[in-house]
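Q: I am new to this structure and would like to learn how to read it feature by feature. Could you take me through it, giving the general idea and then the case in hand?

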Amino acid sequence: MYHLTTAPVPASPAQLLADAKRPMHTPAGLVGDTPVLWIGEPFTAAGRGFWAKLEGHNPGGIKDRSALHMVRAARERGHLLPGARIVESTSGTLGLGLALAGATFGHPVTVVTDPGMEPLMTGLLTAYGAEVELVDTPHPIGGWQEARRQRVEELLAVHPDAWCPDQYNNPDNVAAYAPLAHELVAQLGRIDTLVVSVGTGGHSAGIASVLRGFFPRLRVIGVDTTGSTIFGQPAAPRLMRGLGSSIYPRNVAYDLFDEVHWVAAPEAVWAARRLARHHYATGGWSVGAVALAARWMSRMLPAEERIVAVFPDGPQRYIGTVFDDTYCRANDLLGHLPTDDPDEITHTGERVVTRWTRCTRVTDPLATAGEQQLAGAVR
């Protein structure tokens with residue numbers, strides 16, 4: 001688990017954005033410097049709203065940042081040899097980033113996924129030169145994620161020189177998002193509340209730890225999916241991709257979160273579709289879930305509170321799921337208007353949550369009781 005890091009405050013916050021710019025004449029140079037958009041009425045209450053960081057403007061999404069950074073760092077340390085294969089488990093977005101990194105640095109890429117990945121994503125990965133390995137049976141305890149990880153281990157044994165980024169536990173996955181945090185400071189000047197989805201833990205930890213260095217009183221809201229184990233709930237089948245987990249990624253910085261919201265798939269679909277219709281800026285499961293929590297925070301906090309929600313990707317890969325009526329009807333995802341307020345539980349293991357729910361006591365489910373008490377005292 002990775003903890004608070006402090007960042008020096010520059011003489012001019014705008015200098016952060018200038019420092020983060022890269023030449024635009026290569027595909028990798030297109031990553032970063034993504035825009036922010038104000039999300040207000042009619043998605044939010046009158047006079048309220050939040051800023052959305054549109055990571056879908058990267059070539060593949062937010063994980064372009066982590067893929068390029070992890071590959072670059074591994075090459076510099078000698079862990080990834082020139083021309084060696086990259087092998088990783090992914091539900092899609094990191095795969096696109098690794099395909100970009102492979103093309104940039106000259107590495108073949110194999111991504112291991114499962115039947116839940118959209119056909120569009122499989123097609124894109126193949127088009128970009130990645131080899132796609134599909135596992136067909138979930139692990140009895142760790143689900144699809146653990147099945148994918150085991151297949152990665154098998155492939156690494158077959159290719160002795162291959163390298164796995166291990167996005168769930170690699171600290172470079174966290175460090176990759178410092179430039180995103182710097183962009184936000186340069187673009188908005190002040191940030192009071194950050195709303196982020198949590199999957200591998202990389203972008204939530206990387207952004208929040210750097211922003212806390214600038215804004216020590218920053219409120220951090222983590223957004224998970226029902227059926228995810230990350231914050232101490234039992235594992236259950238999940239439709240939502242990109243956030244949530246059936247394992248315990250050690251990149252999740254539990255001490256950074258002030259509260260967690262779990263969102264169910266129908267609620268995320270409602271938010272994603274409403275954003276698309278009224279704001280022409282949307283995405284998939286993660287975007288819908290994050291937007292729902294940010295919408296509520298904008299109503300509950302003072303109007304002058306500056307809230308930022310990170311939208312990890314755009315809508316393109318979800319045309320056959322979130323934005324497809326046939327798919328949504330088959331999975332009972334339509335006609336479920338979210339309640340005005342989430343349910344609340346006093347601790348993350350109080351009961352199994354099946355709809356939008358929040359908890360303001362966040363602990364590491366693998367920590368000892370003493371460590372959990374200490375973490376709560378620190379917050």
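Q: Which residues of the largest nonpolar core touch the most other members?
A: In soluble globular proteins, nonpolar side chains tend to be buried together. A nonpolar core is here a set of buried Ala, Val, Leu, Ile, Met, Phe, Trp, Tyr and Cys residues joined through side-chain atoms within 4.5 Å, where buried means under 20% relative accessible area, exposed over 50%, and partly exposed in between, with a 1.4 Å probe and protein chains only. The largest such core has 38 residues, and those that touch the most other members are Phe43, Phe50, Val195, Val223, Trp285 and Phe311. Two or more residues each come from strand 2 (50-54), strand 7 (219-225), helix 9 (265-279), helix 10 and strand 9 (307-311), and helix 10 gives the most, with 10 residues. Apart from this core lies another, of 37 residues, among them Val185, Leu188, Ile207 and Val308.

Q: What should I keep in mind about the model and its numbering?
A: This is a predicted model, in which local features need pLDDT of at least 70 and side-chain atom pairs count only at pLDDT 80 or more, while totals for chains, interfaces and linings use all residues. Residues are numbered from 1 along each chain as its sequence is written, and side-chain values use heavy atoms, with hydrogens and water left out. Helices (H or I, at least four residues) and strands (E, at least two) are DSSP runs, numbered from the N terminus.

Q: How many residues does helix 10 have, and why is it largely enclosed?
A: The expected span of a helix is 1.5 Å times one less than its number of residues. Helix 10 (residues 285-300) has 16 residues and reaches 23 Å from its first C-alpha to its last, close to the 22 Å expected. Because 13 of its 16 residues are buried, helix 10 is largely enclosed by the rest of the structure. It lies across strand 2, strand 6, strand 7, strand 8, strand 9 and strand 11 (357-359), and runs at about 170 degrees to strand 9; such angles run from 0 to 180 degrees between N-to-C directions, with axes fitted to C-alpha atoms, for helices over the stretch in contact.

Q: In what order do the 8 strands of the open sheet stand?
A: Two strands pair if DSSP finds at least two bridges between them. The open sheet of 8 strands has the order 1-2-9-6-7-8-11-10, and its pairing is mixed. Strand 1 (36-39) and strand 10 (343-344) are at the edges with a single partner strand each, so one side of each is left without a neighbour in the sheet. Strand 2 and strand 9 pair in the parallel sense over 4 bridges, and Leu54 stands opposite Phe311 in strand 9.

Q: Which residues of strand 6 lie on one side and which on the other?
A: In a regular strand the side chains alternate between the two faces of the sheet. In strand 6 (residues 193-197), Thr193, Val195 and Ser197 are on one side and Leu194 and Val196 on the other, and all are buried. Strand 6 pairs with strand 7 in the parallel sense over 5 bridges, and Leu194 has Val220 as its bridge partner in strand 7. From strand 6 the chain crosses through helix 8 (residues 202-214) to strand 7 in a right-handed β-α-β crossover, meaning that, with the strands pointing away from the viewer, the path from the first strand over the helix to the second runs clockwise. Strand 6 is also joined to strand 9, in parallel, by 3 bridges, and the partner of Thr193 there is Ile307.

Q: Is Arg219 buried or partly exposed, and what is it in contact with?
A: Contact means heavy atoms within 4.5 Å. Arg219, found in strand 7, counts as partly exposed at 28% relative accessibility. Leaving aside neighbours within four places in sequence, Arg219 is in contact with residues including Asp192, Asp258, Met297 and Glu305. The C-alpha atoms of Arg219 and Asp258 are separated by 6.2 Å, although these residues are 39 residues apart along the chain.

Q: What is the order of the 3 strands in the other sheet?
A: These 3 strands form an open sheet in the order 3-4-5, with parallel pairing, and the twist averages 20 degrees from one strand to the next. Strand 3 is joined to strand 4 (residues 109-113) by 4 bridges, and Ile86 has Val109 as its bridge partner in strand 4.
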